[in-house]
Amino acid sequence: MRQSKSMFEEYQSEDFSPDERYALAYKRVKRIKGFYIHALVYVLVNAFIISRNYYAHSPKEYHFWSWVNFNTVLFWGTGLLAHGLSVFGRNLFSGQNWEERKIKEFMENDKSEKWE
């Protein structure tokens, strides 16, 4: 993701043809759509599994809040989180151009703290 995002930024800043920019934007839209489909399937399948487990057993013999009922939600949810981070990138938490701003900030601080 990091590489494709930097390529996208290069295409925007340079004078590339509209066809090249369209192709890259199309790939990004397909990745986002893939994530949304993955999230929808995750919700539907896990809702089915949990409701099936809830209604298939009598309350006396089955504990709804057991590990067996929620392990799919946890492990698949971890995979869904990784998929989301690969699509939307690290900028989801740190903001756009965070690294460049921090580097400039440290350079300015070093400039002002010279030993004389």
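**View 1. Contacts and secondary structure of the whole predicted chain.** Of the contacts (heavy atoms within 4.5 Å) between residues at least 6 apart in sequence, 57% join residues at least 24 apart. The model is predicted: local features need pLDDT of at least 70 and side-chain atom pairs count only at pLDDT 80 or more, while totals for chains, interfaces and linings use all residues. Residues are numbered from 1 along each chain as its sequence is written, and side-chain values use heavy atoms, with hydrogens and water left out. The chain contains 5 helices and 0 strands, in the order α-α-α-α-α from the N terminus. Helices (H or I, at least four residues) and strands (E, at least two) are DSSP runs, numbered from the N terminus. Of the 116 residues, 15% are buried; buried denotes under 20% relative accessible area, exposed over 50%, and partly exposed in between (1.4 Å probe, protein chains only). Accessible areas come from the Shrake-Rupley method with a 1.4 Å probe; for residues, only the protein chains shown count as cover.

**View 2. The largest nonpolar core.** Phe35, Ala39, Tyr42, Leu80 and Val87 make up the largest nonpolar core, which has 5 residues. Helices α2 and α3 each supply at least two residues of this core, and the largest share, 3 residues, comes from α2. A nonpolar core is a set of buried Ala, Val, Leu, Ile, Met, Phe, Trp, Tyr and Cys residues joined through side-chain atoms within 4.5 Å. Not counting residues up to four places away in sequence, Phe35 touches Leu80, His83, Gly84, Val87 and Phe88.

View 3. Asn46 belongs to helix α2 and counts as buried because its relative accessibility is 5%. Apart from neighbours within four places in sequence, Asn46 contacts Thr72, Val73 and Trp76. Asn53 also lies in helix α2 (residues 18-56); with a relative accessible area of 12%, Asn53 is therefore buried. The side chains of Asn53 and Arg52 are joined by a polar contact of 3.4 Å. A polar contact is a pair of N or O atoms within 3.5 Å; within protein, one must be able to donate a hydrogen and the other to accept it, and residues adjacent in sequence count only if both atoms are side-chain atoms.

View 4. Trp65 occupies the loop between α2 and α3 and is exposed, its relative accessible area being 73%. The C-alpha atoms of Trp65 and Tyr54 are separated by 9.7 Å, the two residues being 11 residues apart along the chain. Trp67 lies in helix α3 (residues 67-88). Together, Trp67, Val68, Leu74 and Phe75 form a nonpolar surface patch with about 470 Å² of accessible area. Patches are made of residues with over 30% relative accessible area and no salt bridge, with like charges joined within 9 Å and nonpolar side chains (Val, Leu, Ile, Met, Phe, Trp, Tyr) within 5 Å. A salt bridge is a side-chain nitrogen of Lys or Arg within 4 Å of a carboxyl oxygen of Asp or Glu.

**View 5. Gly79 and His38.** Gly79 is located in helix α3 and is partly exposed, with a relative accessible area of 33%. Between Gly79 and His38 the C-alpha to C-alpha distance is 10.0 Å, across 41 residues in sequence.
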